Amino acid sequence: MQPIIQIQGVSKTYASGFTALKSIDLEIRRGEIFALLGPNGAGKTTLISIICGIVNASSGRVLADGVDIVDDYRQARRLIGLVPQELTTDAFESVWDTVSFSRGLFGKPANPAYIEKVLRQLSLWDKRHSKMLALSGGMKRRVMIAKALSHEPSILFLDEPTAGVDVELRRDMWEMVRGLRENGVTVILTTHYIEEAEEMADRIGVINRGELILVEEKQALMQQLGQKQLHLILQTPLETLPDALRRYNLSLSDDGSQLTYTFDAHQDTSGIAELLRSLTEQGIDLKDLQSKQSSLEEIFVSLVHNPENSQ
Amino acid sequence: MNLNGIRAIYAFEMNRTRRTLMQSVVSPVLSTSLYFIVFGTAIGSRMGDIDGVSYGAFIIPGLLMLSLLSESISNASFGIFFPKFSGTIYEVLSAPVSPLEIVAGYVGAAATKSLIIGALILLTARLFVDYSIAHPVWMLAFLLLTALTFSLFGFIIGVWANDFQQLQVIPLMVITPLTFLGGAFYSINMLPEPWHTLTLFNPVVYLINGFRWAFYGVADVHMGLSLGMTLMFLLICLTAVWWIFRTGYRIKP
(Lines give C-alpha, C1' and ligand atoms only; values in the text may rest on other atoms or scores of the structure.)
Protein backbone atom coordinates (compact mmCIF):
# COMPACT_ATOMS: atom_id res chain seq x y z
CA MET A 1 0.00 0.00 0.00
CA GLN A 2 1.26 3.47 -0.87
CA PRO A 3 2.57 5.34 2.19
CA ILE A 4 0.33 8.25 3.19
CA ILE A 5 3.33 10.54 3.56
CA GLN A 6 6.60 10.28 1.66
CA ILE A 7 9.40 12.59 2.70
CA GLN A 8 12.23 12.53 0.18
CA GLY A 9 15.57 14.21 0.86
CA VAL A 10 14.05 17.12 2.75
CA SER A 11 16.53 19.58 4.20
CA LYS A 12 16.14 23.03 5.67
CA THR A 13 18.63 25.79 6.27
CA TYR A 14 17.14 28.98 7.71
CA ALA A 15 18.14 32.45 6.54
CA SER A 16 20.29 32.74 9.69
CA GLY A 17 22.43 29.90 8.33
CA PHE A 18 21.17 27.40 10.90
CA THR A 19 20.61 23.96 9.38
CA ALA A 20 17.55 22.47 11.04
CA LEU A 21 17.17 19.39 8.82
CA LYS A 22 19.74 17.39 6.87
CA SER A 23 18.23 15.36 4.03
CA ILE A 24 15.43 13.51 5.77
CA ASP A 25 13.86 10.45 4.13
CA LEU A 26 10.83 8.98 5.84
CA GLU A 27 7.64 7.19 4.93
CA ILE A 28 4.56 7.22 7.13
CA ARG A 29 2.22 4.27 6.71
CA ARG A 30 -1.49 4.71 6.22
CA GLY A 31 -3.43 4.46 9.47
CA GLU A 32 -0.48 4.21 11.84
CA ILE A 33 0.45 6.27 14.87
CA PHE A 34 4.00 7.46 14.31
CA ALA A 35 5.94 9.09 17.12
CA LEU A 36 8.82 11.38 16.27
CA LEU A 37 11.12 11.59 19.24
CA GLY A 38 13.95 13.96 19.79
CA PRO A 39 15.41 16.48 22.18
CA ASN A 40 14.51 20.17 21.98
CA GLY A 41 15.84 21.78 18.81
CA ALA A 42 16.26 18.44 17.02
CA GLY A 43 14.18 19.53 14.00
CA LYS A 44 10.83 17.90 14.82
CA THR A 45 8.76 21.07 14.49
CA THR A 46 10.62 22.20 11.36
CA LEU A 47 9.85 18.88 9.67
CA ILE A 48 6.16 19.11 10.58
CA SER A 49 6.02 22.77 9.52
CA ILE A 50 7.44 21.88 6.11
CA ILE A 51 4.87 19.12 5.57
CA CYS A 52 2.05 21.46 6.61
CA GLY A 53 3.19 24.35 4.38
CA ILE A 54 4.25 26.79 7.10
CA VAL A 55 7.96 26.60 6.29
CA ASN A 56 9.56 26.24 2.84
CA ALA A 57 11.97 23.31 2.47
CA SER A 58 15.44 24.18 1.17
CA SER A 59 15.50 20.98 -0.88
CA GLY A 60 13.67 17.68 -1.31
CA ARG A 61 9.98 17.05 -1.60
CA VAL A 62 7.03 15.70 0.35
CA LEU A 63 4.06 13.74 -1.00
CA ALA A 64 0.82 13.49 0.96
CA ASP A 65 -1.28 10.58 -0.30
CA GLY A 66 0.80 10.66 -3.50
CA VAL A 67 0.25 14.38 -4.03
CA ASP A 68 3.11 16.91 -3.98
CA ILE A 69 2.54 19.31 -1.07
CA VAL A 70 3.88 22.28 -3.05
CA ASP A 71 2.59 21.69 -6.59
CA ASP A 72 -0.82 20.41 -5.46
CA TYR A 73 -1.01 22.22 -2.15
CA ARG A 74 -4.80 22.48 -2.17
CA GLN A 75 -5.35 18.76 -2.49
CA ALA A 76 -2.55 17.93 -0.04
CA ARG A 77 -3.51 20.41 2.67
CA ARG A 78 -7.16 19.32 2.69
CA LEU A 79 -5.92 15.96 3.99
CA ILE A 80 -3.87 17.40 6.82
CA GLY A 81 -4.78 18.75 10.24
CA LEU A 82 -2.17 20.36 12.48
CA VAL A 83 -2.14 20.92 16.22
CA PRO A 84 0.85 23.20 16.78
CA GLN A 85 3.01 23.17 19.86
CA GLU A 86 2.24 26.75 20.87
CA LEU A 87 -1.26 27.59 22.07
CA THR A 88 -1.76 30.27 19.46
CA THR A 89 -5.39 31.26 19.42
CA ASP A 90 -7.37 34.39 18.85
CA ALA A 91 -8.10 35.44 22.43
CA PHE A 92 -11.40 37.21 21.72
CA GLU A 93 -13.05 34.55 19.56
CA SER A 94 -15.50 32.06 21.04
CA VAL A 95 -14.71 28.36 20.92
CA TRP A 96 -17.54 27.74 18.46
CA ASP A 97 -16.48 30.58 16.14
CA THR A 98 -12.82 29.65 16.06
CA VAL A 99 -13.51 25.98 15.30
CA SER A 100 -16.06 26.93 12.61
CA PHE A 101 -13.53 29.37 11.14
CA SER A 102 -10.99 26.56 10.75
CA ARG A 103 -13.50 24.39 8.92
CA GLY A 104 -14.34 27.19 6.48
CA LEU A 105 -10.69 28.07 5.96
CA PHE A 106 -10.02 24.52 4.82
CA GLY A 107 -12.75 24.85 2.23
CA LYS A 108 -15.47 22.81 3.90
CA PRO A 109 -19.08 24.05 3.94
CA ALA A 110 -20.53 24.81 7.38
CA ASN A 111 -21.67 21.71 9.28
CA PRO A 112 -22.85 22.60 12.79
CA ALA A 113 -23.69 18.95 13.56
CA TYR A 114 -20.12 17.86 12.89
CA ILE A 115 -18.63 20.75 14.91
CA GLU A 116 -20.95 19.79 17.77
CA LYS A 117 -19.74 16.20 17.58
CA VAL A 118 -16.08 17.25 17.72
CA LEU A 119 -16.71 19.64 20.62
CA ARG A 120 -18.60 16.99 22.56
CA GLN A 121 -15.84 14.41 21.97
CA LEU A 122 -13.30 16.81 23.38
CA SER A 123 -15.52 17.80 26.35
CA LEU A 124 -15.75 21.34 24.99
CA TRP A 125 -19.47 21.53 24.35
CA ASP A 126 -20.21 23.39 27.59
CA LYS A 127 -17.51 25.91 26.72
CA ARG A 128 -18.67 26.58 23.16
CA HIS A 129 -19.70 30.17 23.91
CA SER A 130 -16.64 30.92 26.04
CA LYS A 131 -14.00 33.25 24.70
CA MET A 132 -10.58 31.69 24.24
CA LEU A 133 -8.97 34.00 26.78
CA ALA A 134 -11.27 32.60 29.48
CA LEU A 135 -10.05 29.03 28.98
CA SER A 136 -7.36 27.15 30.89
CA GLY A 137 -4.25 25.90 29.11
CA GLY A 138 -5.62 22.36 28.92
CA MET A 139 -8.91 23.57 27.46
CA LYS A 140 -7.07 25.69 24.90
CA ARG A 141 -5.10 22.59 23.88
CA ARG A 142 -8.41 20.78 23.32
CA VAL A 143 -9.66 23.68 21.18
CA MET A 144 -6.50 23.48 19.08
CA ILE A 145 -7.28 19.81 18.48
CA ALA A 146 -10.90 20.62 17.64
CA LYS A 147 -9.71 23.21 15.12
CA ALA A 148 -7.38 20.67 13.51
CA LEU A 149 -10.18 18.09 13.30
CA SER A 150 -12.80 20.56 12.08
CA HIS A 151 -12.19 19.81 8.40
CA GLU A 152 -12.18 16.02 8.83
CA PRO A 153 -8.51 15.41 7.96
CA SER A 154 -7.14 11.95 7.24
CA ILE A 155 -3.66 12.88 8.53
CA LEU A 156 -3.26 14.56 11.89
CA PHE A 157 -0.05 16.14 13.16
CA LEU A 158 0.22 16.64 16.90
CA ASP A 159 3.26 18.70 17.81
CA GLU A 160 4.03 18.02 21.48
CA PRO A 161 0.33 17.47 22.26
CA THR A 162 0.77 16.85 25.95
CA ALA A 163 3.41 19.44 26.79
CA GLY A 164 2.31 21.12 30.00
CA VAL A 165 -0.85 19.06 30.25
CA ASP A 166 -1.98 17.32 33.43
CA VAL A 167 -2.07 13.55 33.75
CA GLU A 168 -5.82 13.25 33.32
CA LEU A 169 -5.92 15.29 30.14
CA ARG A 170 -2.92 13.36 28.83
CA ARG A 171 -4.81 10.09 29.28
CA ASP A 172 -7.89 11.62 27.62
CA MET A 173 -5.78 12.73 24.71
CA TRP A 174 -4.24 9.32 24.26
CA GLU A 175 -7.74 7.82 24.21
CA MET A 176 -8.85 10.35 21.63
CA VAL A 177 -5.84 9.63 19.39
CA ARG A 178 -6.55 5.90 19.55
CA GLY A 179 -10.17 6.63 18.62
CA LEU A 180 -9.00 8.64 15.61
CA ARG A 181 -6.77 5.80 14.48
CA GLU A 182 -9.72 3.43 14.67
CA ASN A 183 -11.53 5.76 12.28
CA GLY A 184 -8.65 5.50 9.81
CA VAL A 185 -6.82 8.72 10.64
CA THR A 186 -3.03 8.58 10.42
CA VAL A 187 -1.47 10.32 13.41
CA ILE A 188 2.04 11.72 13.56
CA LEU A 189 3.03 13.06 16.93
CA THR A 190 6.20 14.63 18.17
CA THR A 191 7.13 14.29 21.77
CA HIS A 192 10.03 14.20 24.10
CA TYR A 193 8.08 12.09 26.57
CA ILE A 194 9.25 8.53 26.05
CA GLU A 195 6.21 7.32 27.96
CA GLU A 196 3.96 8.88 25.39
CA ALA A 197 5.65 7.16 22.47
CA GLU A 198 5.66 3.91 24.37
CA GLU A 199 1.97 4.19 25.17
CA MET A 200 0.68 5.18 21.75
CA ALA A 201 2.98 4.66 18.80
CA ASP A 202 3.07 1.85 16.27
CA ARG A 203 6.44 3.06 15.03
CA ILE A 204 9.01 5.38 16.48
CA GLY A 205 11.45 7.66 14.72
CA VAL A 206 14.28 9.35 16.55
CA ILE A 207 15.56 12.65 15.23
CA ASN A 208 18.59 14.50 16.51
CA ARG A 209 20.43 17.57 15.18
CA GLY A 210 18.38 17.46 12.00
CA GLU A 211 19.09 13.82 11.24
CA LEU A 212 16.77 10.87 11.46
CA ILE A 213 18.90 8.38 13.35
CA LEU A 214 16.42 5.56 13.77
CA VAL A 215 13.02 4.43 12.52
CA GLU A 216 11.78 1.28 14.17
CA GLU A 217 8.61 -0.63 14.96
CA LYS A 218 7.79 0.03 18.57
CA GLN A 219 7.56 -3.72 19.14
CA ALA A 220 11.13 -4.16 17.91
CA LEU A 221 12.26 -1.44 20.26
CA MET A 222 10.32 -3.12 23.03
CA GLN A 223 12.23 -6.29 22.24
CA GLN A 224 15.39 -4.40 23.04
CA LEU A 225 13.63 -3.01 26.03
CA GLY A 226 12.70 -6.55 27.03
CA GLN A 227 16.36 -7.55 27.20
CA LYS A 228 17.30 -7.91 30.82
CA GLN A 229 20.74 -8.33 32.22
CA LEU A 230 21.85 -10.16 35.34
CA HIS A 231 25.20 -9.08 36.70
CA LEU A 232 26.97 -11.72 38.77
CA ILE A 233 29.85 -10.45 40.91
CA LEU A 234 32.28 -13.29 41.54
CA GLN A 235 34.04 -14.16 44.76
CA THR A 236 37.17 -15.16 42.84
CA PRO A 237 37.92 -13.67 39.40
CA LEU A 238 37.94 -16.05 36.43
CA GLU A 239 40.58 -16.08 33.73
CA THR A 240 38.32 -17.56 31.07
CA LEU A 241 34.73 -18.64 30.83
CA PRO A 242 34.50 -22.37 31.64
CA ASP A 243 33.33 -24.51 28.68
CA ALA A 244 30.36 -25.81 30.67
CA LEU A 245 28.97 -22.25 30.82
CA ARG A 246 29.35 -21.42 27.13
CA ARG A 247 25.80 -22.50 26.31
CA TYR A 248 24.50 -19.53 28.32
CA ASN A 249 24.40 -16.02 26.91
CA LEU A 250 27.22 -14.96 29.21
CA SER A 251 30.03 -12.46 28.96
CA LEU A 252 32.99 -12.09 31.27
CA SER A 253 34.28 -8.66 32.24
CA ASP A 254 37.84 -7.76 31.34
CA ASP A 255 39.08 -8.15 34.91
CA GLY A 256 37.23 -11.48 35.23
CA SER A 257 35.34 -10.37 38.32
CA GLN A 258 31.91 -10.13 36.78
CA LEU A 259 29.71 -12.27 34.59
CA THR A 260 26.84 -10.67 32.68
CA TYR A 261 23.91 -12.84 31.67
CA THR A 262 21.54 -11.37 29.05
CA PHE A 263 18.07 -12.85 28.77
CA ASP A 264 14.61 -12.03 27.39
CA ALA A 265 12.27 -10.92 30.15
CA HIS A 266 9.26 -11.78 27.98
CA GLN A 267 10.18 -15.50 27.85
CA ASP A 268 8.38 -17.85 30.25
CA THR A 269 11.64 -19.08 31.73
CA SER A 270 14.60 -16.82 32.22
CA GLY A 271 17.11 -19.65 32.68
CA ILE A 272 18.47 -18.03 35.83
CA ALA A 273 17.84 -21.02 38.09
CA GLU A 274 19.60 -23.35 35.67
CA LEU A 275 22.53 -20.94 35.35
CA LEU A 276 22.91 -20.68 39.12
CA ARG A 277 22.93 -24.50 39.40
CA SER A 278 25.63 -24.70 36.71
CA LEU A 279 27.70 -22.07 38.53
CA THR A 280 27.50 -24.10 41.76
CA GLU A 281 28.51 -27.27 39.88
CA GLN A 282 31.54 -25.39 38.53
CA GLY A 283 32.40 -24.29 42.07
CA ILE A 284 32.02 -20.60 41.24
CA ASP A 285 30.97 -18.60 44.29
CA LEU A 286 29.06 -15.37 44.03
CA LYS A 287 29.66 -12.26 46.07
CA ASP A 288 26.68 -10.31 44.80
CA LEU A 289 24.14 -10.18 42.00
CA GLN A 290 21.90 -7.57 40.48
CA SER A 291 19.50 -7.43 37.54
CA LYS A 292 18.86 -4.46 35.28
CA GLN A 293 16.37 -3.62 32.51
CA SER A 294 17.17 -0.93 29.93
CA SER A 295 14.36 1.57 29.42
CA LEU A 296 13.30 3.15 26.14
CA GLU A 297 14.59 6.35 27.64
CA GLU A 298 18.07 4.85 27.99
CA ILE A 299 17.94 3.54 24.42
CA PHE A 300 16.88 7.01 23.29
CA VAL A 301 19.60 8.78 25.25
CA SER A 302 22.27 6.41 23.98
CA LEU A 303 21.05 6.94 20.40
CA VAL A 304 21.05 10.67 20.71
CA HIS A 305 24.52 10.80 22.22
CA ASN A 306 25.97 7.95 20.24
CA PRO A 307 24.28 7.62 16.83
CA GLU A 308 26.43 4.60 15.81
CA ASN A 309 24.25 2.54 18.14
CA SER A 310 21.44 2.71 15.63
CA GLN A 311 23.48 0.76 13.07
CA MET B 1 -11.27 28.34 -5.85
CA ASN B 2 -11.73 28.02 -2.07
CA LEU B 3 -14.76 30.28 -1.62
CA ASN B 4 -15.44 28.93 1.86
CA GLY B 5 -11.89 29.89 2.81
CA ILE B 6 -12.30 33.47 1.56
CA ARG B 7 -15.65 33.68 3.33
CA ALA B 8 -14.12 32.41 6.59
CA ILE B 9 -11.34 35.04 6.59
CA TYR B 10 -13.75 37.78 5.52
CA ALA B 11 -16.30 36.86 8.21
CA PHE B 12 -13.57 36.59 10.85
CA GLU B 13 -12.36 40.11 10.03
CA MET B 14 -15.89 41.55 9.93
CA ASN B 15 -16.58 39.93 13.32
CA ARG B 16 -13.53 41.69 14.66
CA THR B 17 -15.03 44.96 13.42
CA ARG B 18 -18.33 44.18 15.14
CA ARG B 19 -16.54 43.37 18.39
CA THR B 20 -14.73 46.72 18.32
CA LEU B 21 -17.50 48.87 16.89
CA MET B 22 -16.73 51.95 19.00
CA GLN B 23 -13.06 51.98 18.09
CA SER B 24 -13.30 50.86 14.49
CA VAL B 25 -16.43 52.63 13.18
CA VAL B 26 -17.79 55.18 15.63
CA SER B 27 -14.42 56.78 16.40
CA PRO B 28 -13.38 57.70 12.82
CA VAL B 29 -16.91 58.94 12.01
CA LEU B 30 -16.93 61.09 15.15
CA SER B 31 -13.49 62.59 14.57
CA THR B 32 -14.33 63.45 10.94
CA SER B 33 -17.60 65.03 12.11
CA LEU B 34 -15.55 67.30 14.38
CA TYR B 35 -13.72 68.59 11.30
CA PHE B 36 -17.07 69.33 9.65
CA ILE B 37 -18.25 71.25 12.72
CA VAL B 38 -15.03 73.25 13.12
CA PHE B 39 -13.99 73.86 9.51
CA GLY B 40 -17.31 73.45 7.78
CA THR B 41 -19.91 75.10 10.00
CA ALA B 42 -17.89 77.33 12.35
CA ILE B 43 -14.86 78.66 10.42
CA GLY B 44 -16.21 77.74 6.97
CA SER B 45 -19.02 80.29 7.20
CA ARG B 46 -16.37 83.04 7.39
CA MET B 47 -14.44 81.77 4.37
CA GLY B 48 -15.07 82.43 0.70
CA ASP B 49 -16.04 79.84 -1.89
CA ILE B 50 -13.29 77.89 -3.68
CA ASP B 51 -13.91 77.20 -7.39
CA GLY B 52 -17.54 78.14 -6.79
CA VAL B 53 -17.96 75.59 -4.00
CA SER B 54 -18.66 76.64 -0.39
CA TYR B 55 -15.73 75.89 1.92
CA GLY B 56 -17.75 73.47 4.05
CA ALA B 57 -18.61 71.43 0.96
CA PHE B 58 -15.12 71.84 -0.53
CA ILE B 59 -13.41 69.96 2.31
CA ILE B 60 -15.78 66.94 2.21
CA PRO B 61 -13.90 64.94 -0.46
CA GLY B 62 -10.55 65.61 1.24
CA LEU B 63 -11.81 64.67 4.71
CA LEU B 64 -13.49 61.59 3.36
CA MET B 65 -10.24 60.65 1.64
CA LEU B 66 -8.28 61.24 4.86
CA SER B 67 -10.54 58.80 6.73
CA LEU B 68 -10.62 56.34 3.86
CA LEU B 69 -6.84 56.18 3.55
CA SER B 70 -6.06 55.90 7.24
CA GLU B 71 -8.87 53.43 7.97
CA SER B 72 -8.07 51.20 4.98
CA ILE B 73 -4.43 51.06 5.96
CA SER B 74 -4.98 50.50 9.66
CA ASN B 75 -7.69 47.85 9.17
CA ALA B 76 -5.77 45.79 6.66
CA SER B 77 -2.39 46.17 8.33
CA PHE B 78 -3.72 45.11 11.73
CA GLY B 79 -5.74 42.29 10.15
CA ILE B 80 -2.63 40.53 8.86
CA PHE B 81 -0.11 41.83 11.44
CA PHE B 82 -1.94 40.44 14.46
CA PRO B 83 -2.08 36.78 13.30
CA LYS B 84 1.59 37.13 12.38
CA PHE B 85 2.35 38.59 15.81
CA SER B 86 0.28 36.08 17.81
CA GLY B 87 1.25 33.07 15.68
CA THR B 88 -2.29 32.22 14.54
CA ILE B 89 -1.14 32.77 10.95
CA TYR B 90 0.04 29.13 11.01
CA GLU B 91 -3.51 28.11 10.27
CA VAL B 92 -3.90 30.33 7.22
CA LEU B 93 -0.52 29.20 5.87
CA SER B 94 -1.38 25.52 6.34
CA ALA B 95 -4.85 25.83 4.79
CA PRO B 96 -5.70 25.09 1.15
CA VAL B 97 -6.09 28.78 0.31
CA SER B 98 -4.11 30.55 -2.42
CA PRO B 99 -2.34 33.87 -1.81
CA LEU B 100 -5.01 35.57 -3.91
CA GLU B 101 -7.74 34.10 -1.68
CA ILE B 102 -5.94 35.17 1.51
CA VAL B 103 -5.62 38.71 0.16
CA ALA B 104 -9.25 38.69 -1.03
CA GLY B 105 -10.39 37.77 2.49
CA TYR B 106 -8.28 40.26 4.46
CA VAL B 107 -8.26 43.13 1.97
CA GLY B 108 -11.91 42.60 1.03
CA ALA B 109 -12.94 42.93 4.68
CA ALA B 110 -10.73 45.98 5.27
CA ALA B 111 -12.08 47.69 2.15
CA THR B 112 -15.68 46.86 3.13
CA LYS B 113 -15.16 48.42 6.52
CA SER B 114 -13.65 51.55 4.95
CA LEU B 115 -16.60 51.83 2.58
CA ILE B 116 -19.03 51.56 5.51
CA ILE B 117 -17.14 54.30 7.34
CA GLY B 118 -17.06 56.41 4.15
CA ALA B 119 -20.82 56.08 3.71
CA LEU B 120 -21.43 56.98 7.37
CA ILE B 121 -19.19 60.03 7.07
CA LEU B 122 -21.05 61.19 3.96
CA LEU B 123 -24.36 60.80 5.77
CA THR B 124 -23.05 62.58 8.86
CA ALA B 125 -21.66 65.44 6.73
CA ARG B 126 -25.22 66.07 5.54
CA LEU B 127 -26.12 67.14 9.07
CA PHE B 128 -23.61 70.01 8.97
CA VAL B 129 -22.96 70.91 5.34
CA ASP B 130 -25.04 71.06 2.18
CA TYR B 131 -23.36 69.28 -0.72
CA SER B 132 -24.18 67.64 -4.04
CA ILE B 133 -22.54 64.87 -6.06
CA ALA B 134 -22.07 65.72 -9.75
CA HIS B 135 -20.84 62.28 -10.87
CA PRO B 136 -22.19 59.70 -8.39
CA VAL B 137 -20.95 56.69 -10.39
CA TRP B 138 -17.40 58.11 -10.58
CA MET B 139 -17.61 59.03 -6.90
CA LEU B 140 -18.40 55.40 -6.06
CA ALA B 141 -15.69 54.18 -8.41
CA PHE B 142 -13.06 56.41 -6.76
CA LEU B 143 -14.30 55.42 -3.31
CA LEU B 144 -14.06 51.73 -4.17
CA LEU B 145 -10.68 52.00 -5.91
CA THR B 146 -9.14 54.00 -3.07
CA ALA B 147 -10.49 51.69 -0.37
CA LEU B 148 -9.17 48.65 -2.25
CA THR B 149 -5.79 50.15 -3.12
CA PHE B 150 -5.04 51.41 0.38
CA SER B 151 -6.30 48.23 2.00
CA LEU B 152 -3.76 46.42 -0.17
CA PHE B 153 -1.15 48.95 0.90
CA GLY B 154 -2.13 48.32 4.53
CA PHE B 155 -1.78 44.57 4.00
CA ILE B 156 1.78 45.15 2.75
CA ILE B 157 2.56 47.30 5.81
CA GLY B 158 1.11 44.60 8.07
CA VAL B 159 3.35 41.97 6.49
CA TRP B 160 6.39 44.26 6.62
CA ALA B 161 5.94 45.49 10.22
CA ASN B 162 7.87 43.66 12.91
CA ASP B 163 6.30 45.50 15.84
CA PHE B 164 3.40 47.79 16.72
CA GLN B 165 5.51 50.91 16.23
CA GLN B 166 6.33 50.03 12.64
CA LEU B 167 2.65 49.32 12.10
CA GLN B 168 1.79 52.91 13.03
CA VAL B 169 4.70 54.72 11.46
CA ILE B 170 3.51 54.82 7.81
CA PRO B 171 -0.09 55.93 8.49
CA LEU B 172 0.97 58.55 11.06
CA MET B 173 4.23 59.81 9.63
CA VAL B 174 3.56 59.52 5.91
CA ILE B 175 -0.12 59.23 5.00
CA THR B 176 -1.58 61.83 7.37
CA PRO B 177 0.94 64.61 6.45
CA LEU B 178 0.59 63.82 2.74
CA THR B 179 -3.19 64.09 3.02
CA PHE B 180 -3.11 67.37 4.95
CA LEU B 181 -0.59 68.78 2.45
CA GLY B 182 -2.35 67.21 -0.54
CA GLY B 183 -5.14 69.75 -0.71
CA ALA B 184 -7.67 68.26 1.68
CA PHE B 185 -8.38 71.71 3.12
CA TYR B 186 -7.36 73.95 0.21
CA SER B 187 -6.96 74.10 -3.54
CA ILE B 188 -3.32 73.55 -4.44
CA ASN B 189 -3.70 76.41 -6.94
CA MET B 190 -3.74 78.68 -3.89
CA LEU B 191 -0.12 77.72 -3.12
CA PRO B 192 2.78 79.92 -4.26
CA GLU B 193 5.72 78.49 -6.17
CA PRO B 194 7.73 76.32 -5.52
CA TRP B 195 5.16 74.74 -3.16
CA HIS B 196 2.61 74.31 -5.93
CA THR B 197 5.02 72.33 -8.15
CA LEU B 198 6.35 70.37 -5.17
CA THR B 199 2.85 69.42 -4.17
CA LEU B 200 2.31 67.81 -7.55
CA PHE B 201 4.76 65.10 -6.43
CA ASN B 202 2.39 64.21 -3.60
CA PRO B 203 0.34 61.22 -4.86
CA VAL B 204 -2.53 62.01 -2.48
CA VAL B 205 -3.20 65.23 -4.46
CA TYR B 206 -4.46 63.07 -7.33
CA LEU B 207 -6.67 60.94 -5.09
CA ILE B 208 -8.29 63.96 -3.44
CA ASN B 209 -8.76 65.81 -6.69
CA GLY B 210 -10.24 62.85 -8.50
CA PHE B 211 -12.70 62.54 -5.69
CA ARG B 212 -13.43 66.26 -5.63
CA TRP B 213 -14.07 66.25 -9.37
CA ALA B 214 -16.61 63.43 -8.86
CA PHE B 215 -18.39 65.59 -6.26
CA TYR B 216 -18.32 69.04 -7.84
CA GLY B 217 -17.02 68.65 -11.38
CA VAL B 218 -14.01 70.87 -10.56
CA ALA B 219 -10.48 69.92 -9.55
CA ASP B 220 -6.87 71.12 -9.54
CA VAL B 221 -5.70 68.28 -11.80
CA HIS B 222 -7.42 66.49 -14.65
CA MET B 223 -9.70 63.65 -13.60
CA GLY B 224 -8.01 61.28 -16.09
CA LEU B 225 -4.67 61.91 -14.42
CA SER B 226 -6.24 61.20 -11.01
CA LEU B 227 -7.71 57.94 -12.22
CA GLY B 228 -4.42 56.96 -13.86
CA MET B 229 -2.44 57.64 -10.67
CA THR B 230 -4.90 55.66 -8.54
CA LEU B 231 -4.75 52.71 -10.93
CA MET B 232 -0.97 52.89 -11.03
CA PHE B 233 -0.77 52.75 -7.23
CA LEU B 234 -3.17 49.80 -7.25
CA LEU B 235 -0.87 48.04 -9.71
CA ILE B 236 2.21 48.73 -7.58
CA CYS B 237 0.45 47.31 -4.50
CA LEU B 238 -0.71 44.21 -6.40
CA THR B 239 2.84 43.60 -7.62
CA ALA B 240 4.23 43.97 -4.10
CA VAL B 241 1.66 41.51 -2.69
CA TRP B 242 2.45 39.03 -5.47
CA TRP B 243 6.16 39.32 -4.61
CA ILE B 244 5.46 38.83 -0.88
CA PHE B 245 3.72 35.52 -1.48
CA ARG B 246 6.20 34.37 -4.11
CA THR B 247 9.14 34.85 -1.77
CA GLY B 248 7.37 34.19 1.54
CA TYR B 249 8.70 37.58 2.71
CA ARG B 250 8.29 37.92 6.49
CA ILE B 251 5.45 35.41 6.65
CA LYS B 252 6.98 32.09 5.67
CA PRO B 253 10.57 31.19 6.69
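**Entry 1: T19(A)**

I started with T19(A), which counts as partly exposed because it has 15 C-beta neighbours inside 10 Å. My cut-offs: a residue is buried with 20 or more other C-beta atoms within 10 Å of its own, exposed with 12 or fewer, and partly exposed in between, with C-beta atoms placed from the backbone. This is a predicted model, where local features need pLDDT of at least 70, side-chain atom pairs count only at pLDDT 80 or more, and totals for chains, interfaces and linings use all residues. Residues are numbered from 1 along each chain as its sequence is written, while chains are lettered from A and ligands numbered from 1 in the order in which they are written.

T19(A) sits in strand β2 of chain A. Helices (H or I, at least four residues) and strands (E, at least two) are DSSP runs, numbered from the N terminus. Leaving out residues up to four places away in sequence, I found T19(A) touching T13(A) and G210(A). Contact here means that the C-beta atoms of two residues, placed from the backbone, lie within 7 Å. I also checked H151(A): it is 132 residues from T19(A) in sequence and 33 Å away in space, C-alpha to C-alpha.

**Entry 2**

Next I looked at what T19(A)'s strand pairs with. β1 (residues 5-13) and β2 (residues 19-28) of chain A run antiparallel, with six bridges. I call two strands paired if DSSP finds at least two bridges between them. I5(A) faces I28(A) in β2(A).

Within β4(A), S59(A) is the bridge partner of S11(A), and R61(A) is the partner of Q8(A).

**Entry 3: the six-stranded sheet of chain A**

Which order do the six strands of the open sheet take? I read β6-β7-β8-β3-β9-β10 in chain A, with mixed pairing. β6 (80-83) and β10 (211-217) of chain A are at the edges with a single partner strand each, so one side of each has no neighbour in the sheet. On average, neighbouring strands of this sheet are turned by 15° against each other, direction ignored. Angles use axes that are lines fitted to C-alpha atoms, for helices over the stretch in contact, and run from 0 to 180 degrees between N-to-C directions.

β3 (residues 33-37) and β9 (residues 203-208) of chain A run parallel, joined by four bridges. There, F34(A) stands opposite R203(A) in β9(A). Helix α5 (residues 137-149) of chain A packs on the sheet, touching β6 and β7 (155-159), and its direction makes about 170° with that of β6(A). Helix α6 (residues 167-182) of chain A packs on the sheet as well, touching β3, β7 and β8 (186-191), at about 150° to the direction of β8(A).

**Entry 4: helix α3 of chain B**

I moved to chain B. Helix α3 (residues 55-86) has 32 residues and reaches 46 Å from first C-alpha to last, close to the expected 46 Å. The expected span is 1.5 Å times one less than the number of residues. I found a kink of about 30° centred on P61(B); the bend is the angle between axes fitted to the seven residues ending at a residue and the seven starting there. Of the 32 residues in α3(B), 27 are buried. G87(B) comes after the helix, with a positive phi near 100°.

**Entry 5: where the chains touch**

How many residues of chain B are in contact with chain A? I count 23, against 27 residues of chain A. On the chain B side, α1 (3-19) and α4 (89-93) each supply at least two residues, and α1(B) gives the most, with eight. That side divides into ten nonpolar, nine polar and four charged residues. Ala, Val, Leu, Ile, Met, Phe, Trp, Tyr, Cys and Pro count as nonpolar, Asp, Glu, Lys and Arg as charged, and the others, Gly among them, as polar.
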